[in-house]
Amino acid sequence: SDRAYKRKGVIMTKKEKKEPRFSRNALLYSELFRHEKDLICALIAPDEYCTVQEAENRIVKYKKGKVN
């Protein structure tokens, strides 16, 4: 079973224990993205969870002008 565990804006599935998925709000308030708050709001849906790597990739693609 691929049951998800939620805790304070973080979601971890049994398959993905190595890479936790964070809510948009968790990413907004993280020290890592303190200079990218506007991009986090624009590129990640309010109800979406993504890994730090996914968020970084979206920001890099946006800055290069290649957003889907």
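Where is glutamate 54 found? Glutamate 54 is found in helix H3. Keep that helix in view, as I will come back to it.

Some ground rules. This is a predicted model, where local features need pLDDT of at least 70, side-chain atom pairs count only at pLDDT 80 or more, and totals for chains, interfaces and linings use all residues. Residues are numbered from 1 along each chain as its sequence is written, and side-chain values use heavy atoms, with hydrogens and water left out.

Now the overall layout. The protein has three helices and four strands. Helices here are DSSP runs of H or I with at least four residues, strands are runs of E with at least two, and both are numbered from the N terminus. Along the sequence, the pattern reads β-β-β-α-α-β-α.

The protein has 68 residues, and 26% of them count as buried. Buried means under 20% relative accessible area, exposed means over 50%, and partly exposed lies in between, with a 1.4 Å probe and protein chains only. The accessible surface comes to about 5,300 Å², and carbon and sulfur atoms hold 50% of that. Those areas come from the Shrake-Rupley method with a 1.4 Å probe; for residues, only the protein chains shown count as cover.

Next, contacts. Contact means heavy atoms within 4.5 Å. Take contacts between residues at least 6 apart in sequence: 32% of these join residues at least 24 apart.

In soluble globular proteins, nonpolar side chains tend to be buried together. The largest nonpolar core here has 10 residues: Leu27, Leu28, Phe33, Leu39, Ile40, Leu43, Ile44, Cys50, Ala55 and Ile59. Helix H1 (24–28), H2 and helix H3 (52–64) each supply at least two residues of this core. H2 gives the most, with three residues. By definition, a nonpolar core is a set of buried Ala, Val, Leu, Ile, Met, Phe, Trp, Tyr and Cys residues joined through side-chain atoms within 4.5 Å.

Leucine 43 sits in helix H2, residues 37–43. Is leucine 43 buried or exposed? Its relative accessible area is 17%, so leucine 43 is buried. Setting aside residues up to four places away in sequence, leucine 43 touches Glu48, Arg58, Ile59 and Tyr62. Tyrosine 62 is 19 residues from leucine 43 in sequence, and their C-alpha atoms are 8.4 Å apart.

Glycine 65 follows H3, and its phi is positive, near 85 degrees.

What about glutamate 54 itself? At 29% relative accessibility, glutamate 54 counts as partly exposed. Beyond its neighbours within four places in sequence, glutamate 54 is in contact with Arg21 and Tyr49. Isoleucine 44 is 10 residues from glutamate 54 in sequence and 9.9 Å away in space, C-alpha to C-alpha.

Now the charged pairs. How many salt bridges are there? The count comes to four. The rule asks for a side-chain nitrogen of Lys or Arg within 4 Å of a carboxyl oxygen of Asp or Glu.

One joins the side chains of arginine 58 and glutamate 48, at 2.6 Å, N to O. Arginine 58 lies in helix H3, glutamate 48 in the loop between H2 and strand S4 (49–50), and the two are 10 residues apart. Arginine 58 has a relative accessible area of 27%, so it is partly exposed. Glutamate 48, at 22%, is partly exposed too.

Another joins lysine 63 and glutamate 36, at 2.9 Å, N to O. Here the pair links distant parts of the chain: lysine 63 in helix H3 and glutamate 36 in the loop between H1 and H2, 27 residues apart. Lysine 63 is exposed, at 55% relative accessible area.

Then there is glutamate 31 with arginine 34, at 3.3 Å, N to O. Glutamate 31 is exposed, at 57% relative accessibility. Arginine 34 is partly exposed, at 42%.

Last stop, serine 23. Serine 23 is found in strand S3, residues 21–23. With a relative accessible area of 11%, serine 23 is buried. Its side chain reaches the backbone nitrogen of alanine 26 at 3.1 Å.

Notes
A polar contact is a pair of N or O atoms within 3.5 Å; within protein, one must be able to donate a hydrogen and the other to accept it, and residues adjacent in sequence count only if both atoms are side-chain atoms.
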